[in-house]
Amino acid sequence: MSKVAIVSGAAQGLGRAFAERLETEGYAVLPFDIRESVTDFANGVVANVADREDIARVISAACSLGEIEVVVNNAGTWRRTPVDSSWEQALEDWDFIMDTNLQGVLLLSRAATPHLIAHGTGHIINISTYYVLPAKSSGTNGPETDLYNASKWALNGFTDAWAKTLREHNISVNGMCMGATDTAMLRGLFPDGQLPPDLEGNLIAVDDLSQQLIDIIASGRTGENFGAWVGETVQLGDLPPLHKRITG
Ligand SMILES: NC(=O)c1ccc[n+]([C@@H]2O[C@H](COP(=O)([O-])OP(=O)(O)OC[C@H]3O[C@@H](n4cnc5c(N)ncnc54)[C@H](O)[C@@H]3O)[C@@H](O)[C@H]2O)c1
């Protein structure tokens with residue numbers, strides 16, 4: 001029976017790199033995305049992570065490939081959210097960001113967990129951001145990123161609580177918290193996708209984060225946020241004391 005890895009938001013960027021690497025590692029990969037281009041990938045499914053019926057389709061497609069062992073909650077979205085915008089705009093922004101970045105993680109993880117438990121082992125990886133590691137990231141929270149920022153801090157709650165409850169089922173739950181990585185989302189933050197001079201040629205490579213993902217799965221560690229910073233070698237690092245495993 002093949003072991004299956006599900007990757008959300010896998011049409012491009014980090015999700016695509018994770019899906020390709022997991023395939024190289026021998027997993028039957030079920031990549032899905034709201035973008036049609038995910039069907040370029042073998043087994044690719046067009047699906048919205050925030051839609052329960054879509055997630056049911058994703059789980060069913062994954063089960064047809066084998067036994068689900070890895071879930072990468074990668075799908076994420078971002079937009080500027082000024083604190084002085086109108087109420088209508090603020091609530092629209094809330095739905096746009098939280099539906100994907102937070103509810104999507106809940107839906108996919110809850111739907112997959114019974115299958116991981118039945119399989120007897122598994123790994124859930126929540127893709128977060130270095131913003132949530134304040135000990136090393138002071139001053140990074142942009143003034144117009146409150147909702148994106150809040151969505152990623154909320155993932156800490158999932159990572160911490162699920163790691164504790166799923167440990168007895170031999171399921172690890174970890175976060176990956178990267179700095180600026182060269183993807184369409186990152187380039188979309190800047191006019192015409194033009195990076196500022198300090199970032200040009202100095203971004204984290206998606207392949208280094210794919211390696212970190214594989215290392216996390218192999219590590220046996222759980223309940224941690226693993227950081228990755230621009231200008232530093234991407235690695236797991238030593239096991240921190242318990243009270244620093246989420247906050248860094
Ligand atoms: N690029 C960076 O510098 C960076 C830094 C920190 C964290 N991240 C996180 O990494 C993850 C991947 O980001 P990326 O840079 O590759 O972005 P990206 O925009 O290049 O790719 C994200 C993918 O998610 C898909 N997606 C969005 N909403 C979806 C939904 N509702 N259902 C299914 N798919 C959906 C998009 O279509 C896209 O293909 C995100 O969670 C992001 O917050 C990225």
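Helices here are DSSP runs of H or I with at least four residues, strands are runs of E with at least two, and both are numbered from the N terminus.

On the α2 side, the contact uses Arg52, Ile55, Ala56, Ile59 and Cys63, and these meet Leu107, Leu108, Ala111, Ala112 and His115 of α3. Contact here is a matter of C-beta atoms, placed from the backbone, lying within 7 Å. By class, you get 8 nonpolar residues, 1 polar and 1 charged. Nonpolar covers Ala, Val, Leu, Ile, Met, Phe, Trp, Tyr, Cys and Pro, charged covers Asp, Glu, Lys and Arg, and polar takes the others, Gly among them.

## About the model

This is a predicted model, where local features need pLDDT of at least 70, side-chain atom pairs count only at pLDDT 80 or more, and totals for chains, interfaces and linings use all residues. Residue numbers start from 1 along each chain as its sequence is written.

## Around the ligand

The ligand has 28 residues around it, with Gly9, Gly13, Gly76, Thr183 and Met185 the closest. To be near it, a residue needs its C-beta atom, placed from the backbone, within 6 Å. The shell splits into 12 nonpolar, 14 polar and 2 charged residues.

## Helix α1 against α6

α1 also pairs with helix α6 (residues 206-219): their axes come within 9 Å and cross at roughly 50°. That makes the two helices oblique to each other, a label for angles that are not under 35 degrees (roughly parallel), over 145 (roughly antiparallel) or 65 to 115 (roughly perpendicular). Leu14, Ala17, Phe18 and Arg21 of α1 touch Val206, Asp207, Leu209, Ser210, Leu213 and Ile214 of α6. This contact has 7 nonpolar, 1 polar and 2 charged residues.

## Two positive phi angles

Asn170 isn't a glycine, yet its phi is positive, at about 65°. You'll find Asn170 in the loop between α4 (146-166) and β6 (171-178). Asn170 is partly exposed, with 15 other C-beta atoms within 10 Å; 20 or more would count as buried and 12 or fewer as exposed, with C-beta atoms placed from the backbone.

Asp192 has a positive phi too, near 55°, and sits in the loop between α5 and α6. Asp192 is exposed, with 5 other C-beta atoms within 10 Å.

Note on methods
Axes fitted to C-alpha atoms, helices over the stretch in contact; angles between N-to-C directions. Contact = placed C-beta atoms within 7 Å.
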